[in-house]
Amino acid sequence: MSEKTQTTRRVLAEYTYEPPPVERGYTGRTLYVNLSNNTIAAKPVTDVMKEKFIGGRGFGLWLLWHGVKDDTQWNDPENEIVISSGPIGGVTQYPGSGKSLVVAISPTTHSVMDSNVGGHFGPLLKFAGWDAIEIQGKAEEDVIVVIDGPGGRITIEEAPDVPVDTHLVGHWLIEQLAEKEEDRYFISSVSAGTGAENTLIGCLNFSFYDRRRKAPRFKQAGRGGIGTVFRDKHIKALVVRSGPVRGDSNHPADLQRIARVGAKLHKEIHDYDDEQNRMRKRGTPYLVQIMNDYDLLPVHNFKYGSHPDAVKINGDVWEARFTQGLPDGCWYGCTLSCSHAVDGYTVRTGPYKGQTVIVDGPEYETIAGCGANCGIFDPDAILEINFYCDTYGIDTISFGTLTAFVMECYEAGILDKEKTGGLELHFGNAEAAIELLHQMARGEGFGKIAGQGIRRMKQIFAERFGADPAFLQDIGMEAKGLEYSEYVTKESLAQQGGYGLTNKGPQHDEAWLIFMDMVSNLLPTFEDKAEALHYFPMWRTWFGLCGLCKLPWNDIVPPDNAYTDEPAKIPDHVQNYVELFSGVTGRKVTADDLITMSEAVYNFQRVFNLRLGFGRREHDAVPYRSVGPVTVEEYESRAERYDKQLQETLGLDPEKMTTEEKIAALRQYREEQYQKLIDAVYKRRGWTSDGVPKVETLKRLGIDFPEVVAVVKKYL
Amino acid sequence: MIRVNNRDEVEWEEGLTVSGLLERFRYTFPHIIVSINGEVVPREEYPTRVIPNGADVRVIHLIAGG
Ligand code: SF4
């Protein structure tokens, strides 16, 4: 493939190598690419990296820590994008074993961002000889980086003729680089799009070649604007080719052990998925109806948790739209195969109007965020937004949440047609939302402002339009600069912490505790909540260290799970992961060891936040909309529930109070509860009351490296 | 009266089954575990298992969310 690319583009740098064999999940080397000075080099994977940081997000954080300075900004050349799968990444016997983890300093949080994504890039990178790729510097002109494992050659190439938007560049790369049909299977690209270039909420698209559809498809590393960093570095695409993937490509320590647990899970999926979540038929959209039923589906900028029209965008609708019967796994061997697509969608607006395309998804988050949260209950509008967000390289979650915020501002009179350049951004106006998206991608008009994200919009609306900053703070669903993902948390204190007490910002991939807390009442005390906010974030962090997808852990459940001691943890599946980790790496571990591995990396990331000027109690604040009702209509929509709390918990008589008084009383109580929760969680995590990991915690976890201790000492 | 999840008191009625209770609460999530007075009820018995008056019913929802 390299010869073919060389004939059409000027090669700025070239590096030849002999791909090392993968041993027990590791190649033992990471790839360093600097786009400012066109250097390419190999770095060794040290024992400390393997022992303490495991792989994936752990490797990413370690490499990023050493690559940046304390004051590095997202658009400084020394900011890095690091992509790594992890030791289990690339296993084909166990479902969900092909994820990639991406880290960088984020343009919206200005701190460390991590994102977990499917597609083939991370595992193929490993099979091309590299446990991670670390990209630093900034190219002068647009480039692509080509990693050709079988050819033993890496190039940085000028790319003036390469398209930017993902659905074009993905196809283009395949056509350019694959010489024979089989090459297509083992090529994967990472790309962003014009929207990533012109907003701060850019995502990365990771491709996987769909053999049945004979086309590349894409999964998104959405959160925190890493796609924006990618385009700021003038990268149009990274592309990797490996040799054929085989069942033992990881050269695991004990293949049989892996195959055994894999076969067990495949059988569970086969036998029970249809009666459980129907992931194989509808994927994560099954959650739409469930969340609506439990008053957790964000509607109108998280004001409400349900809507009668949710039925128009629920799992039944998407099951009918998704092409059925195709193996929609985003990595080989994932029989949970939830990465569905709508085929033959004809685009009806914008630059690609009239094209017939595959729309990857929509996933639950996209439907909830770009649909219900914006008052849009039209599946075609959701597909249009989904397609354009992906190809433009814009995160659907941030787009949905920030558009909902804009719509509430419009309805509250903070914005009007004049300020939005003619866009009537009422809840439910799908056409205006779609036009806003096109403007974002072009970096024009009101889209230019909206594309900065909620945190900046709050500032702009206050400064330019005289809006009340306190109101904007209450309704702007962001924390740490990251837009919320799509769950209503007002009635679950634990999940308020699940979003607020995160390392990167309010994304549900650390903890999702709403049912345990709000419905099942399993976490009645602060200590119970703190324990859950210790265990589950650590558990879910572990997937990101190893290259795993979280869904096969709990979106399929063995039938006897109900009879176990801790059904919420799904102990049988936890044991599968112990087998899997030991089976690949040969390291003898227990279930507790997995948590400790995560704790080390998690605390390291907290210290990294501190090093960059964040990571303290003040940074764990959340907007009041995530805690309780901000407006009168919001209170009154669930008055029975709130009145009951005033009466039973606070001993007040709602009959004698105005709605405003009731809102204020409830607010005071709920905000105090959140502060008490923070105290309990920090204590459980071994942090000070300011949220700083104690030296003894760093020591216990074996990450008391001098430079790490030096950071926390400033705050002790 | 029956008590659900150690918190919600609900009016008992003659012949109330587990399925009936789940419907009343709109508990539609598929990953739930129901126990009556500490005994787990097998899923296939939800439509027929009658809840006695005064029962301590737990409807444990497993974790959902992307
Ligand atoms: S469960 Fe879905 S998202 Fe996870 S690896 Fe399988 S197909 Fe991909």
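Predicted model: local features only at pLDDT ≥ 70, side-chain atom pairs only at ≥ 80, totals over all residues.
Domain 2 and domain 3 of chain A meet through 16 residues of domain 2 and 20 residues of domain 3. About 1400 Å² is buried between these two domains, and 71% of this area lies on carbon and sulfur atoms. One salt bridge is counted between domain 2 and domain 3 of chain A. A:Asp620 and A:Lys480 form a salt bridge in which the closest N and O atoms are 2.8 Å apart. Seven residue pairs in polar contact, both residues at pLDDT 80 or more, are also counted between domain 2 and domain 3 of chain A. On the domain 2 side, the elements of chain A that contribute two or more residues are helix H11 (286–293) and strand S17 (482–483). H11(A) gives the most to this side, with three residues. By residue class, the side of domain 2 that touches domain 3 comprises eleven nonpolar, two polar and three charged residues.

The contact between the two chains involves 20 residues of chain B and 34 residues of chain A. Chain B and chain A bury about 2300 Å² between them, with 58% of that area on carbon and sulfur atoms. One salt bridge is found across this interface. B:Arg26 and A:Asp293 meet through their side chains in a salt bridge with an N to O distance of 3.0 Å. Eleven residue pairs, both members at pLDDT 80 or more, are in polar contact across the interface of chain B and chain A. Strand S5 (residues 56–61) of chain B supplies the largest share of the chain B side, three residues. The side of chain B that touches chain A divides into eleven nonpolar, seven polar and two charged residues.

The ligand is surrounded by 13 residues, of which the closest are A:Cys330, A:Cys334, A:Cys338, A:Ser339 and A:Cys549. Six residues of the shell around the ligand are nonpolar, four are polar and three are charged. Domain 1 (4–241) and domain 2 (277–483) of chain A each provide at least three residues to this shell.

Notes. Residues numbered from 1 in each chain as written. Chains lettered and ligands numbered in written order. Heavy atoms only, no water. Near = heavy atom within 4 Å. Nonpolar A, V, L, I, M, F, W, Y, C, P; charged D, E, K, R; others polar. Domains from an automatic or database assignment. Contact = heavy atoms within 4.5 Å. Buried area = accessible area lost by both parts, 1.4 Å probe. Salt bridge = Lys/Arg side-chain N within 4 Å of Asp/Glu carboxyl O. Polar contact = N/O pair within 3.5 Å; in protein donor to acceptor, adjacent residues only side chain to side chain. Helix = DSSP H or I, 4+ residues; strand = E, 2+ residues; numbered from the N terminus.
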